[in-house]
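Trainee: Please take a close look at the aromatic ring pairs in this chain. I would like one connected account.

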Amino acid sequence: MQEPSGDGCGHTVLGPESGTLTSINYPQTYPNSTVCEWEIRVKSGQRVQLKFGDFDIEDSDACHFNYLRVYNGIGPTRSEIGKYCGLGFQMDSLIESKSNEVTVQFMSGTHLSGRGFLASYSTTDKSDLITCLDNASHFSEPEFNKYCPAGCVIPFADISGTIPHGYSDSSSLCMAGVHAGVVSNILGGQINVVISKGIPYYESSLANNVTSKVGLLSASLFTFKTSGCYGTLGMESGVIPDSQITASSNLEWPDQTGQAHIWTPERARLKRPGPPWAAFTTDVYQWLQIDLNKEKRITGIITTGSTIAEYYYYISAYRILYSDDAQKWTVYREPGVDQDKIFQGNTEYYQEVRNNFIPPIIARFVRVNPLKWHQKIAMKVELLGCQFSIGRAPKLTMPPPPPPPPPPQSNNDFSLQTDKTTSTPEIKNTTVTPTVTKDVALAAVLVPVLVMVFTTLILILVCAWHWRNRKKKAEGTYDLPYWDRAGWWKGMKQFLPAKSAEHEETPVRYSNSEVSHVRPREVPTILQTESAEYAQPLVGGIVGTLHQRSTFKPEEGKEASYADVDPYNSPVQEVYHAYAEPLPVTGPEYATPIIMDMSGHSTAPLGVSSISTFKATGNQAPPIVGTCNKLLARTDSSSSAHALYDTPKGMPGLGSSAELVYQVPQSMPHFTGS
């Protein structure tokens, strides 16, 4: 690419597909009476687009002496596209050429002010071209893609931050991209930017000849999406064994006690404590070699000095050589450049400095060749990159070019055999998904199918078990209908231990021979009920305490008499229950008549009370206010006892005698007679 001509040219990088150019002294005021011409040429068949990041040319003379002209073509046949001037002139639109060649001319006359201009160019297929002055705050999208031109490492732009933490939103996007190793300053390239919340502090670091400054809190920061091929290759971790690290020479000397100190090549592991590798001889023929054991994709290198304050040694500039067999070496060069790439090293003994290879190196062996150093050649190093697939892309067969003339001999007689290349090193794409074998594909199909089959079987078993349990519940031998479950539970409570004496009254016990009978005409109506539930009768004792309560279910369907068999020893099991059923929840409770044998006892004194009730048929309360009737007390002697009963409890009104409910007289005097 032809260099600009004239005395008014400023910062200029003219790449094969993009570039950056400024007026002299930008962003300061340009001098009077200067001129500069830039001739831009891209590949045949493509066109050039020009974008201004800043334009400030004085227009007091109506563009007669201070102006910027853009031409289609180069040389005498060029044609003018436009002539521009103005202070703070906003040129939002792109200027496009009609061919692959463009001439840009800057002219300055007498003027008082004006910064000049900064412009970037690229081929027209880069529709998202930005300039070196654009930063993240100029864009509102949380993620976006832009094309950075070549030449954005400019001395008047600042960045703050580093990878992987991110860069302050005030940093130049393209300059940060060079610092991060995403794009090359000599080539430019595409960046994928992600915006996120800012952090309170941004670190300073040196990488790819760009120094980021310390930055304070910002509203947002940005990072870059990359292919991910920036991992360490094993120097620090020890994956690379000591035997695969060699050097041209080793520094060795005895201390005051006579003990020998040797700074061998295996000490050149980054972040390892202790001394580094150091060369015995300080000349440009020294090297440190790393064997990666197989070809890998190498994207960068990190170096430090001695890391020991007592030994202030470091390398400030070096070259990189690579090889596949450790016999024939190639010096790394940037595409389109005919000179070896000189990498900036350290500026002090401790700080880490990173340099990236764009495009990356595909090789097994790597050599670091120091060119400049401080006091002694000493360093620690780590390589960055990733694995590289064995299969290489097929190469296009081209007719062999004519043999080039022999290169002139260099003044420096290097002992290393080098093969300088002017073409771009072969790039291997490792971001493509590797080919999946048939076994992996078969497993990917079978695993989901097996999971679905097992899941279906489990669901079928669960449903069958659930259906079987429901069937057992519906057809079980010992299950009760839903309307009898409450009564069954109440009956079962009687088999449980009784409550303590302080909470439970002592029940009145009766013997079978002491059960009296009421009038036959009254018993069936009163006692025969289907829904009544009775407590278990207490049999086998003389009345112990008259004021206690108890209920029982008398014999059903027969008239009572003194000669009847004990209803609780009845052989008809389907009619008579062996135990009484619990009282219903909704129906009223009635006391059972107390039958007392008065033959062997004296007349009870007044005030002794006992309570007994009958339960009428049905669940409805008897509507009658009972009339006093007498019940015959059964005794073993000729004498008889008479008891008077008052009206049923809480039952006002009169009714038939069949529905009477009687109570034992409360504190009534004893009457004799029938």
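**Aromatic ring pairs**

Mentor: Start with F89, which at 36% relative accessibility counts as partly exposed (buried means under 20% relative accessible area, exposed over 50%, partly exposed in between, with a 1.4 Å probe and protein chains only). The model is predicted: local features need pLDDT of at least 70, side-chain atom pairs count only at pLDDT 80 or more, and totals for chains, interfaces and linings use all residues. Residues are numbered from 1 along each chain as its sequence is written, and side-chain values use heavy atoms, with hydrogens and water left out.

Rings of Phe, Tyr and Trp (its six-membered ring) pair if their centres lie within 6.5 Å; planes under 30 degrees apart count as stacked, over 60 as edge-to-face and the rest as tilted. By this rule there are 23 aromatic pairs. F55 and F89 form an edge-to-face pair, because their ring centres are 5.7 Å apart and their planes are at 70°. F55 is in strand 5 (residues 48–56), while F89 is in the loop between strand 7 (79–84) and strand 8 (95–96), 34 residues apart. Strands (E, at least two residues) are DSSP runs, numbered from the N terminus. F55 counts as buried, at 1% relative accessibility. Ring pairs also join F55 and F89 with Y30, W38, F52, F106 and F117 in a cluster.

Now compare Y318 and F343. Their planes are at 15° and their centres 5.7 Å apart, so this pair is stacked. Y318 lies in strand 26 (residues 314–323) and F343 in strand 28 (residues 343–344), so the pair ties together parts 25 residues apart in sequence. Y318 is buried at 1% relative accessibility, and F343 is buried at 2%.

How values were computed. Helix = DSSP H or I, 4+ residues; strand = E, 2+ residues; numbered from the N terminus.
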